[in-house]
Amino acid sequence: MRKLALGLAALALAGGALTGCSSAGATGASTSPEDAAAKLKNQTITLVVPFDPGGGYDAYARMLAPKLHGS
């Protein structure tokens, strides 16, 4: 239960950090999902799962990875 709470807290912090890094937040302009996808085209995204392999977070990251690939 504690690992779940820590994992959810880490996801919330990471999501907040990524939201603060968007260019739209700094300029006030809205960015469409297509524009955002075009900027990330051919870029490498590294998922770091800070828990033991074979656990729930590992399984979730492995299910999420193909969706990030976009194909």
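This report describes the fold, confidence, surface and selected contacts of a predicted model of one protein chain.

## Overall fold

The protein chain has four helices and zero strands. Read along the sequence, the pattern is α-α-α-α. Helix H1 covers residues 2-20, helix H2 residues 23-27, helix H3 residues 33-40 and helix H4 residues 56-69.

Of the 71 residues in the protein chain, 4% count as buried. The accessible surface of the chain comes to about 6100 Å². Carbon and sulfur atoms account for 64% of that surface.

## Confidence

The average pLDDT of the protein chain is 75, and 72% of the residues score at least 70. Among the elements of the chain, H4 has the highest mean pLDDT, at 88. The lowest mean, 51, belongs to helix H2. As pLDDT is the predictor's confidence in each residue, on a scale from 0 to 100, these means concern the prediction and can be kept in mind when reading the sections below.

## Nonpolar surface patch

A nonpolar patch on the surface is formed by Leu 40, Ile 45, Leu 47, Tyr 60, Met 63, Leu 64 and Leu 68. Together these residues have about 690 Å² of accessible area. Helix H4 supplies the largest share of the patch, four residues.

Leu 40, one of the patch residues, lies in helix H3. Its relative accessibility is 52%, and exposed means over 50%, so Leu 40 counts as exposed.

## The loop between H3 and H4

Asn 42 lies in the loop between H3 and H4. The phi angle of Asn 42 is near 65 degrees, a positive value in a residue other than glycine. Most residues other than glycine have a negative phi. Asn 42 counts as exposed because its relative accessibility is 75%.

Lys 3 is placed in helix H1. With residues up to four places away in sequence not counted, Lys 3 touches Phe 51, Asp 52 and Tyr 57. Lys 3 and Phe 51 are 48 residues apart along the chain, and their C-alpha atoms are separated by 8.5 Å. At 48% relative accessibility, Lys 3 counts as partly exposed.

A search of the whole structure finds one aromatic pair. The pair consists of Phe 51 and Tyr 57, whose ring centres are 4.7 Å apart. Their planes meet at 20 degrees, and planes under 30 degrees apart count as stacked, so this pair is stacked. Both Phe 51 and Tyr 57 are among the residues that Lys 3 touches. Phe 51 counts as partly exposed, at 25% relative accessibility. Tyr 57 is also partly exposed, with a relative accessible area of 22%.

## Asp 58 in helix H4

Asp 58 is found in helix H4. Its relative accessibility is 14%, and buried means under 20%, so Asp 58 counts as buried. Leaving aside neighbours within four places in sequence, Asp 58 is in contact with Val 49, Asp 52 and Pro 53. Asp 52 is also one of the residues touched by Lys 3.

Terms used
Residues are numbered from 1 along each chain as its sequence is written. This is a predicted model: local features need pLDDT of at least 70, side-chain atom pairs count only at pLDDT 80 or more; totals for chains, interfaces and linings use all residues. Side-chain values use heavy atoms; hydrogens and water are left out. Patches are made of residues with over 30% relative accessible area and no salt bridge: like charges are joined within 9 Å, nonpolar side chains (Val, Leu, Ile, Met, Phe, Trp, Tyr) within 5 Å. Accessible areas come from the Shrake-Rupley method with a 1.4 Å probe; for residues, only the protein chains shown count as cover. A salt bridge is a side-chain nitrogen of Lys or Arg within 4 Å of a carboxyl oxygen of Asp or Glu. Helices (H or I, at least four residues) and strands (E, at least two) are DSSP runs, numbered from the N terminus. Buried means under 20% relative accessible area, exposed over 50%, partly exposed in between (1.4 Å probe, protein chains only). Contact means heavy atoms within 4.5 Å. Rings of Phe, Tyr and Trp (its six-membered ring) pair if their centres lie within 6.5 Å; planes under 30 degrees apart count as stacked, over 60 as edge-to-face and the rest as tilted.
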